[in-house]
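Here's a quick briefing to read with the model open beside you. Take it slowly, and find each residue as it comes up.

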Amino acid sequence: MYIKDAMEAAAKQAKQTMNENKGGPFGAAVVKDGKIIAVASNSVLCDKDPTAHAEVNAIRLACKKLDTYDLKGCEIYATGYPCPMCLSAIIWANIKKAYVSGNIEDAESIGFRDDFIYKYIESGKKDKNILSIDFQDEYIAKALYSEYAEKNKTIY
């Protein structure tokens, strides 16, 4: 399997769902040991789910197929540069190598808006026009975390 094969599979899936008005022009493929494990595309519109980006969908599908939450040893191929959510999902999945076709500016040029999230993160999460976070009842989280640790639950 060549890089081109995975990227073309992702693009083919993206084109299909894009033309069916199911989501944006984004596709992704997860590969392990030179074999395509999962191919998915953006399905935000049909799923009515703002998290249904191609990379997230491909990661979810690959995890189901491999029966794991850890995609260590896998690579991801995406038709666009991952948004902050997808970038985080890739990192959480323990994928260490990503191949991308487009860059942030390419998606912005047609109206997609990832930049404001990057700016929010870079600002130290202080732009309340984007998101305001207030801490409430911190004892709830501390109690849950403490119990999880005491029971030696899986850290992922």
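Predicted model: local features only at pLDDT ≥ 70, side-chain atom pairs only at ≥ 80, totals over all residues.

The protein has seven helices and four strands, and from the N terminus on they come in the order α-β-β-α-α-β-α-β-α-α-α. Its C-alpha atoms fill a box of roughly 50 × 40 × 25 Å along the principal axes.

**The big picture**

- Of the protein's 156 residues, 31% count as buried.
- Take the contacts between residues at least 6 apart in sequence: 50% of them join residues at least 24 apart.

- Start with β1 (27-32) and β2 (35-41), which run antiparallel and are joined by six bridges.
- These two strands make a hairpin with two residues between them, and D33 in the turn has a positive phi of about 50°.
- Now move on to β3 (residues 74-78) and β4 (residues 97-100), which run parallel with four bridges joining them.
- To get from β3 to β4, the chain goes through helix α4 (residues 84-92), and this β-α-β crossover is right-handed.
- Y77 has Y99 as its bridge partner in β4.

**The nonpolar cores**

- Nonpolar side chains tend to be buried together in soluble globular proteins.
- The largest nonpolar core here has 23 residues, and those with the most contacts inside it are A28, V30, I59, A62, L71, I76 and I95.
- β1, β2, α3 (54-66), β3 and α4 each supply at least two residues of this core.
- Which element gives the largest share of this core? That's α3, with six residues.
- Another core lies apart from the largest one and has six residues, among them A6, M7, A29 and Y77.

- K97 lies in strand β4. Is K97 buried or partly exposed? K97 counts as partly exposed because its relative accessibility is 40%, and that label covers values between 20% and 50%.
- Not counting residues up to four places away in sequence, K97 touches E75 and I76.
- K97 and Y77 are 20 residues apart along the chain, and their C-alpha atoms are separated by 8.7 Å.
- D114 sits in the loop between α5 (104-108) and α6 (115-122).
- D114 is buried yet has no salt bridge. How far away is the nearest side chain of opposite charge? That side chain belongs to R113, and it is 7.4 Å away, while a salt bridge needs the charged atoms within 4 Å.
- If you skip neighbours within four places in sequence, D114 is in contact with C83 and P84.

Definitions and conventions:
Residues numbered from 1 in each chain as written. Heavy atoms only, no water. Buried < 20%, exposed > 50% of the residue type's maximum accessible area, 1.4 Å probe, protein only. Lys, Arg positive; Asp, Glu negative; His and termini not counted. Contact = heavy atoms within 4.5 Å. Pairing = 2+ DSSP bridges. Right-handed = clockwise from strand over helix to strand, strands pointing away. Core = buried A, V, L, I, M, F, W, Y, C linked by side-chain atoms within 4.5 Å.
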